Amino acid sequence: MTSTRPGIVYFVLPFGLLCAAAAVAAMPLVEDDMTALGLLALTPAALIGFYAVAQGALGERHFGAVMAVVYIFVAAAIFRIRDYDDKSIDFQVAGKLGSFAMILATTALFYSFAIGRLRFPRLFFVWLAFFAALMGCALYAVKVPFALTCALLFLTCYLYAIYLSVWLSRRVAVQVMMCAALLLCAGSIFVYFAIPSIGVMQAWTAEGGFGEIGRMKGLTGSANGIGFIAAFGAAMAILYYRSLDVFGRSVALALIPSALICLVLSNNRSSMMALAAALWVGYVFRRNAAPKILLTVTIGMVVAAALVFFSDEIFALLSRSGRAEEITSATGRSAIWSVVLDMWAERPFTGYGYTSALAILPLDPRLFHVAAHAHNMYLELLFAGGIALLALFLYALWQTFRQAHRLGAVNEAALLVFFMLRGMTEATPFSGMVGYASIAFALTLALVIAPLVQPRVAAARLNVPGPAPMPRELYP
C-alpha cells in the first residue's frame, strides 16, 4: 500500500486547489453557470473514485475493503420516497445496480484467479448447490426475470462473501460489515429525527388513520430492516470484539450504542430476541459449557412455568397494543402461515418458484395486501421450492454447524442461531431483492468456509497468498 499513497496525494492536492479556485470563480456566476462549474470541479473527485473502484476490483486489499463498505451501504440504503407503483430507474436504483455490477465484476476477477490456485472445501459446494437450486426455482416463478435477478444476485453475494473472507481476511470481512452497519445505523438515527418522512414508519391505525406510528425505518425503508441491521451489527461487534484490531474496536465501540438506539426505536422484537440468543450462545459455548447449559435449562424451565401460570399477563406486557393475542398470533403472522401451508400442500415438491410469494400472497382473499412474503424463513423456502429446497437448506445448515463445531467457531455458530431464530418470524434473507441481510447471511457462511480453503501446490510454488486466519482467540 505504501506505493499507492503518493499517487493518492497527487490526486488529492490538485483536487483541493481546483475546488478552491472554483469557489472563488463561482461568486459572480448565475445559478446554471455555478452548476456547470461545480460539476467540472468534481471531475477530479470522480477520477479518484474510479481509481479506488478499479483498485478494489483488481484485488488491492485496502481499496477492496473500503469499496465493499460503499457497495453494501448503497445496496441497503434508501434516500428518497416515491409511490409504491413507481418502478422507474432513478438515481437510487442506478446506484444499487452499479454497486451490484461492481460486486459481480470483483467476484468474477477473484474467481478467475482463484480457480486452479485455491482448493475450495466440500461445504462451499454444498451451499453453491443450494443457491443453484434457488436459481432453478426462479425459472418457474410468477415473475421469472425478477426471480432470476434476485437469485443471481444472492449467488453473487455468496461468492463475494467468500472473496471478502479469503482474500481480504476474515477479520477485515467482519470489519467491513460492521462499518456498513455503523453508517446505516448512524444515518438512520439522523433521518429519524431530522427527516421523519424518510426515517419514521407510516402505517394505518384504527385511531388515527394513515400516518406516522413512531417506529424507526431509517435508511432501509422498514422497521424490520433497520432492526435486523442493528441487531446483526451489534452481535458482530460484541462477539468479535476481542479479535479485532484497534480500528475494528473503535468501530465496534461506536456501533454498539448506535445499534442499540436503532433497535429500541425500530421496536423490532424478533431481532431483539435473535440478538439475545446469539450473545447467549456465544457466552455459553465459549468456555466451561456444561454449567452454563445447566443454567440455561434452569432459566428455560422457570420461564416455561411462568408462561403456564401468567401467560396472558406476560404476553400483554410484551405486546405493543397491550393485547395478548398480538403475541400468540405472532402479530398476525399465524394467519399468513396457515395460508402458506394450505397453498404449499397443492405443490408440495416444487413450490411456486422463488420470490413468487410477493406476487401470490397479497392477492389471496384471506390475507391483506402487505402480506408480501411468508414471514417465516423456512416457510418461504417451502413455498418457493417445496420440500426439496427446504431439505437442501437444512442439510447445508447442518453441515455448516458441523464444521463450526470442528473449528471451534463459536461466533459463527452464534450468528447462525441468530438467523435461525429470527427466521421463525421473518423471511429474511429470502424475501426478495438482496441487501444487507443477504450479504450478512452469506458472510456468516463464508466465515466458516474460509478457514477450510487451501492453496494448491502450484499456488504455493508461485507464492500465491492463501486465506488469512483469524486470531486464535476467535476459536477458543
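User: What do buried and exposed mean here?

Analyst: Buried means under 20% relative accessible area, exposed over 50%, and partly exposed in between, with a 1.4 Å probe and protein chains only. Cys-262 is buried, because its relative accessible area is 0%. This is a predicted model, in which local features need pLDDT of at least 70, side-chain atom pairs count only at pLDDT 80 or more, and totals for chains, interfaces and linings use all residues. Residues are numbered from 1 along each chain as its sequence is written, and side-chain values use heavy atoms, without hydrogens and water.

User: How many disulfides does a search of the whole structure find?

Analyst: A disulfide is a pair of cysteine sulfur atoms within 2.5 Å. The search finds zero. For Cys-262, the nearest cysteine sulfur belongs to Cys-185, 4.1 Å away.

User: Which residues touch the most other members of the largest nonpolar core?

Analyst: A nonpolar core is a set of buried Ala, Val, Leu, Ile, Met, Phe, Trp, Tyr and Cys residues joined through side-chain atoms within 4.5 Å. Here the largest has 134 residues, and Trp-127, Tyr-158, Phe-393 and Tyr-436 touch the most other members. Its largest share, 16 residues, comes from helix H7 (residues 144–167); helices are DSSP runs of H or I, at least four residues, numbered from the N terminus.

User: What is Thr-156 in contact with, leaving aside its neighbours within four places in sequence?

Analyst: Contact means heavy atoms within 4.5 Å. Thr-156 lies in helix H7 and counts as buried because its relative accessibility is 5%. With those neighbours left aside, Thr-156 is in contact with Ile-103, Leu-104 and Thr-107.

Terms used:
Helix = DSSP H or I, 4+ residues; strand = E, 2+ residues; numbered from the N terminus.
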